[in-house]
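Please walk me through this structure.

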Amino acid sequence: MSRLSIPSVAASCSLLLFTCSITGQAHADSMSALIAQKSVQSDTHTRYTSSYPAVPAVKVSTHSTIQRASLPRRSTEVLPTYNNNYATSSTYQYPEMQRQAPQILPAFLSGNYDNVDNEYLPLLSSAETQSSRAAREVVSTARKMALNERTIIQGGCWDYLNAVFNRAGVSRDTIHKGTYAQGPYASSSEIEAGDWLYYINHGYNGVEHSGLFVGWVDERAKQALILSYAGENRREPARYRVYDLSNVYQIMRPSV
């Protein structure tokens, strides 16, 4: 047997490694093609059903709390509601709102309140500064009682609004009158800031309720900001909340 020189051995090894690399790459390419073909076939044919119980997929949220807070969306809030002396809860769907640049609010609305959402303060400011004289008196008096003084009135929603109108020194005119069960129900164009409304409370079991109208959050969807008082010995001030005014059956308007 003839002996190979070292350079010949090195050249032979390089040729062998190159050949193996080509073969390995071709094998890898063919395996990739086979895997891709099997993947397509598994998508177009009925998959095998295992006899073992399926493990539920883990759902991972990609939205942070900060991201959710910065996006305009319909939020769901569980609001405390009451039935006689027993507290319950109901889920109320708040409307989507277009976020706007912060507005400079008047001094009388400065402060932190737990009975009004800050995003509705500009609407309250507009109602108090751009309404008729009688409406301004009612809206501003109600705001002082609810936010600044946190006034508690013996009784329910009717007693509270009656106290607001009396303290504001205005009378009331019935603009629209219907019944809870049969209507006729008022259109949104009939309602103005400062109106005392009777309506079906769709946010809580469809009961009768009354509140002070502040302004429309979404008039097309009949969503409005209302000053509402729960009362009935609960020792809580009135709150500004969004209500569905699809069924307003009585409107009483302040006048001087």
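Two strands count as paired if DSSP finds at least two bridges between them. With that in mind, look at R172, which stands opposite P254 in strand 8. The model shown here is predicted.

**The strands**

Begin with strand 8, residues 248-255. One of its partners is strand 3, residues 171-177. Strand 3 and strand 8 pair over six bridges, in the antiparallel sense.

Strand 8 also pairs with strand 4. Four bridges join strand 4 to strand 8, and these two strands run antiparallel. Here Y198 has Q250 in strand 8 as its bridge partner.

Is strand 8 enclosed or open? Buried means under 20% relative accessible area. Eight of the eight residues of strand 8 are buried, so strand 8 is largely enclosed by the rest of the structure.

W196 stands opposite L212 in strand 5.

Strand 4 and strand 5 form a hairpin, with five residues between them. N205 sits in the turn. Its phi is near 60°, a positive value in a residue other than glycine. N205 is exposed, because its relative accessible area is 67% and exposed means over 50%.

**The aromatic rings**

A pair of aromatic rings is described by the distance of the centres and the angle of the planes. In this model the count comes to eight aromatic pairs. Two of them are set out here.

| Pair | Centre to centre | Angle between planes | Class |
|---|---|---|---|
| F165 and W196 | 5.4 Å | 45° | tilted |
| F213 and W216 | 5.2 Å | 65° | edge-to-face |

Why is the pair of F165 and W196 tilted? Planes under 30 degrees apart count as stacked, over 60 as edge-to-face and the rest as tilted. The planes of F165 and W196 stand at 45°, so the pair is tilted.

The pair of F165 and W196 links distant parts of the chain. F165 is in helix 5, residues 157-168, while W196 is in strand 4. The two residues are 31 residues apart. F165 is buried, with a relative accessible area of 0%. W196 also counts as buried, at 0% relative accessibility.

What about F213 and W216? F213 is buried, with a relative accessible area of 2%. W216 has a relative accessible area of 18%, so W216 is buried.

Which residues do ring pairs link into a cluster? They are W158, F165, Y180, W196, Y198 and Y249.

Two packed helices are described by the angle between their axes and the distance between the axes. Helix 3 covers residues 121-129 and helix 4 covers residues 133-148. Their axes come within 7 Å and cross at roughly 135°. Helix 3 and helix 4 are therefore oblique to each other.

Which residues meet? From helix 3 come L124, A127, E128 and T129. From helix 4 come R136, V139, S140, R143 and L147. By class, this contact of helix 3 with helix 4 has four nonpolar, two polar and three charged residues.

Now for the backbone in the loops. R150 lies in the loop between helix 4 and helix 5. R150 has a positive phi of about 50°, although R150 is not a glycine.

N205, with its positive phi, lies in the loop between strand 4 and strand 5.

Another loop runs between strand 3 and strand 4, and P184 lies there. A cis peptide bond joins G183 and P184. Its omega is about 0°.

Terms used:
Residues are numbered from 1 along each chain as its sequence is written. This is a predicted model: local features need pLDDT of at least 70, side-chain atom pairs count only at pLDDT 80 or more; totals for chains, interfaces and linings use all residues. Side-chain values use heavy atoms; hydrogens and water are left out. Axes are lines fitted to C-alpha atoms, for helices over the stretch in contact, and angles run from 0 to 180 degrees between N-to-C directions. Angles under 35 degrees count as roughly parallel, over 145 as roughly antiparallel, 65 to 115 as roughly perpendicular and the rest as oblique. Contact means heavy atoms within 4.5 Å. Ala, Val, Leu, Ile, Met, Phe, Trp, Tyr, Cys and Pro count as nonpolar, Asp, Glu, Lys and Arg as charged, and the others, Gly among them, as polar. Rings of Phe, Tyr and Trp (its six-membered ring) pair if their centres lie within 6.5 Å; planes under 30 degrees apart count as stacked, over 60 as edge-to-face and the rest as tilted. Buried means under 20% relative accessible area, exposed over 50%, partly exposed in between (1.4 Å probe, protein chains only).
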